[in-house]
Amino acid sequence: MAAQHTFKIGVLGSGKGSNFVALADACTSAALPGQVACVLSDVETAPILGRAKERGLPAIFVPPGKFRTKLDEEAENAYIETLLSAKVDLIALAGFMRVLKGEFLKVFEGKIINIHPSLLPSFPGLEAWKQALDYGVKVTGCTVHFVDASVDSGPIIAQQTVPVLDKDTYETLHQRIQQAEHELYPKCVTAIARGEISLAGRRVLTRQSGL
């Protein structure tokens with residue numbers, strides 16, 4: 001009998017990596033049927049790399065190149081080669097602050113997901129929790145979506161709502177949104193690993209899933 005394939009996840013992050021921790025812990029507990037194969041960062045001192053090393057996972061700093069908001073061509077190729085070498089089935093962005101373009105999106109088409117701290121398409125871009133609070137919405141949340149060539153615009157896999165309270169500050173609202181992210185992201189990756197996700201145009205369809 002052929003050995004069963006292990007679903008492998010590559011994580012890209014630029015900061016603390018709390019969503020990476022949620023995914024890694026879900027893998028460790030077997031709630032998520034897969035493993036984190038590698039963690040890559042564009043920031044050499046990013047805490048996400050330390051948190052990966054603490055868990056005995058490959059943690060790799062890949063210099064981003066000359067641009068501030070995206071990878072240059074050499075860096076893009078380095079990321080692609082590293083992820084291909086790790087034989088990842090899915091790339092999960094966890095606070096990765098570079099816009100992915102061109103060849104990267106072609107090589108991993110349909111295999112890159114991101115989590116965003118708002119109910120997209122509302123409040124794309126940076127500090128979405130601040131945007132939501134300043135706008136005065138009564139409900140916000142988080143969104144897991146496929147990544148495409150535009151910012152925070154790919155097909156939506158799942159969303160989880162978070163109420164905005166009268167007493168909320170930027171910090172308290174962000175904290176509660178992050179708690180929702182840590183619940184939703186592993187569920188979405190689990191559904192993908194189990195083959196329960198399919199695309200019909202922009203609609204993401206789920207089968208036998210708790211999403």
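In the predicted model, helix α1 (18–28) passes helix α2 (residues 47–54) in a right-handed crossing; a crossing is right-handed if the near helix is turned clockwise from the far one by less than a right angle, and left-handed if anticlockwise. Helices (H or I, at least four residues) and strands (E, at least two) are DSSP runs numbered from the N terminus. The model is predicted, with local features requiring pLDDT of at least 70 and side-chain atom pairs counting only at pLDDT 80 or more, whereas totals for chains, interfaces and linings use all residues. Residues are numbered from 1 along each chain as its sequence is written, and side-chain values use heavy atoms, with hydrogens and water left out.

The axes of α1 and α2 come within 9 Å and cross at roughly 20 degrees, where axes are lines fitted to C-alpha atoms, for helices over the stretch in contact, and angles run from 0 to 180 degrees between N-to-C directions. The two helices, α1 and α2, are therefore roughly parallel to each other, a term applied to angles under 35 degrees. At their contact (heavy atoms within 4.5 Å), S18, F20 and V21 of α1 meet I48, R51 and A52 of α2. By class, this contact of α1 with α2 comprises four nonpolar, one polar and one charged residues; Ala, Val, Leu, Ile, Met, Phe, Trp, Tyr, Cys and Pro count as nonpolar, Asp, Glu, Lys and Arg as charged, and the others, Gly among them, as polar.

Helix α5 (residues 128–135) has A128, W129 and A132 as its buried residues, buried meaning under 20% relative accessible area and exposed over 50%, with partly exposed in between (1.4 Å probe, protein chains only). Viewed down the axis of α5, these buried residues fall within an arc of 105 degrees, so they line one face of the helix; the arc is that of the directions from the helix axis to the C-beta atoms. They pack against β5 (112–116), β6 (139–146) and α6 (170–193). G136, with a positive phi near 95 degrees, follows α5.

Most residues other than glycine have a negative phi, and most peptide bonds are trans. A30, in the loop between α1 and β2 (35–41), has a positive phi near 70 degrees and is exposed, with a relative accessible area of 58%. D152, in the loop between β6 and β7 (156–163), has a positive phi near 55 degrees but counts as buried at 16% relative accessibility. The peptide bond from L120 to P121 is cis, with omega near 10 degrees; P121 lies in the loop between β5 and α5.

Notes:
Angles under 35 degrees count as roughly parallel, over 145 as roughly antiparallel, 65 to 115 as roughly perpendicular and the rest as oblique.
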